[in-house]
Amino acid sequence: MGNLTVFKVSRKRLCTDAAAKASISTSGKPVHEHEENQSFRSDVQQYDIAIVGGGMVGMALASSLASTPLTKHLSVAIIDSNPALGSKKIIKKEDPPDPRVSTVTPVTISLFKDVGAWQYVEQNRHAYFESMQVWDYTGLGYTRYDARDISKEVLGCVVENKVLHSALFSSIQDTDFQKTIYPCRLSSMTVQPNISYDGGNDTLSKTKLHNEGRLAKLELSDGNSLYAKLVVGADGGKSHVRELAGLKTTGWKYPQSAVICTVEHDEENHCAWQRFLPAGPIALLPIGDKYSNIVWTMNPKESQECTIMSEDEFVKAVNHALDYGYGPRPKSGLFGNEGILSLLGGGPTLSANEGFQVPPKVVKLASGRMAFPLSLMHANNYASKRVVLIGDAAHTVHPLAGQGVNLGFGDAFALSKIISEGIAVGTDIGELSLLKKYESDRKSANIMMMAVLDGIQKAYSVDFGPLNLLRAAAFHGAHYISPLKKNIISFASGEHKLPLFS
């Protein structure tokens, strides 16, 4: 028992030292944590949880664990090769917005508030939006959504990724959570099969626990090793954890790429806009201070051209895509009988009385342009023994509705809840039976959203007369049929119900 006490005290000291070293490291080289005590360094560190990937989703899991009574005592290792991870980066509000942003739903906002992170988001640039307009380049259909249609204040909030990440890290810093940041990469991981243990009165060594399948062993690129009861893969779409665990995926590449950037207007934008074009949708998302974010889906060749054309040419192309290019502006009353449609299941929504509006003109490019290929991927299983996947490591989706990061945040908070429930009843947090509860909870919600987004992508990938009319009818129904509109808004807001009549 004496050795155990010494180990815990030493580990806490080392965690503090490591965090300090990580925060001042600017060389990009891995920080070795145990240099001051070589005799102790030979004793491989043990953690309750090792989170591989310290991005937004991995940090969301750590933040949730840190703020939950039954999990805040856990020791956690965060493994990420970003040398700046753990440093308190100063975000200047007067700087132009970074083009990498996320549209967070009301459900995600609520989760951030629960862990104390949203207060930090509100200290930086962000843009709530109450309305959204979606329309077709053919001019045959459009629909408008308003938060008031479902008695909400907002439909969502657009936030720079660096702000979300910093807010989550700040919420962790507000606690005495035991975390150690390893600024390096995962090299290998081993998990042994279970071997029955007959009890006995000896204290099992970490090596023996690993050999009996009760700990995973991780080898890191800086030469360190560590043991963990649970390894969480939050390391993105090309997850090394998923690969090492042998978890297979299903998916495909879309013949599309997305161009993202920040643009500027003469006036502040308060609405989210999305127009479906022949090659894919273009979205204009408010980010505050007369700035908006562009997410423009197109074929890969066009995306490369968009990243190298002059700024003036690009601004002209964006305005062409958002308004007068490809086809006419939609008109109300194309199909008639709006009054009858609006009375199906109840009176008309507030937004049903709003006509088509023209998005604000882009006057200037305010950031660099980035292009990245699009794909759909889903892990057949999210969990194996002592290993679990969250975020893009488990699933990637088309960005047309901005739902990818919200699914990842949903994974992180759901996993934290399952771990807490397991601790409450004395379950080993790395047991497959516990992790399968998380998988069961999240898989259905993620697959549902993926199916909806993939269906929309495919429906708008074909320019065919009869199909164009069907799409226009769908827009018309979504605009005027109150129950359908309310369900679509609720679904997009993070309440995972099928977007159908209820």
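The model is predicted, so local features need pLDDT of at least 70 and side-chain atom pairs count only at pLDDT 80 or more, while totals for chains, interfaces and linings use all residues. Residues are numbered from 1 along each chain as its sequence is written, and side-chain values use heavy atoms, with hydrogens and water left out.

Searching the whole structure turns up nine aromatic pairs, a pair being two rings of Phe, Tyr or Trp (its six-membered ring) with centres within 6.5 Å; planes under 30 degrees apart are called stacked, over 60 edge-to-face, and the rest tilted. One of them is Y47 with Y182, an edge-to-face pair at 6.1 Å centre to centre and 90 degrees between the planes. That pair ties together distant parts of the chain, with Y47 in strand 1 (residues 45–52) and Y182 in strand 8 (residues 178–182), 135 residues apart; strands here are DSSP runs (E, at least two residues), numbered from the N terminus. Y47 and Y182 are both buried, that is, under 20% relative accessible area (1.4 Å probe, protein chains only).

W135 and W273 also pair up: their ring centres are 6.4 Å apart and their planes at 85 degrees, so this one is edge-to-face. Again distant parts of the chain are linked, W135 being in strand 5 (residues 131–136) and W273 in strand 13 (residues 271–277), 138 residues apart. W135 is buried at 1% relative accessible area, and W273 is buried at 5%.

Elsewhere, ring pairs join F112, W118, Y128 and F409 into a cluster.

Note on methods:
Helices (H or I, at least four residues) and strands (E, at least two) are DSSP runs, numbered from the N terminus. Buried means under 20% relative accessible area, exposed over 50%, partly exposed in between (1.4 Å probe, protein chains only).
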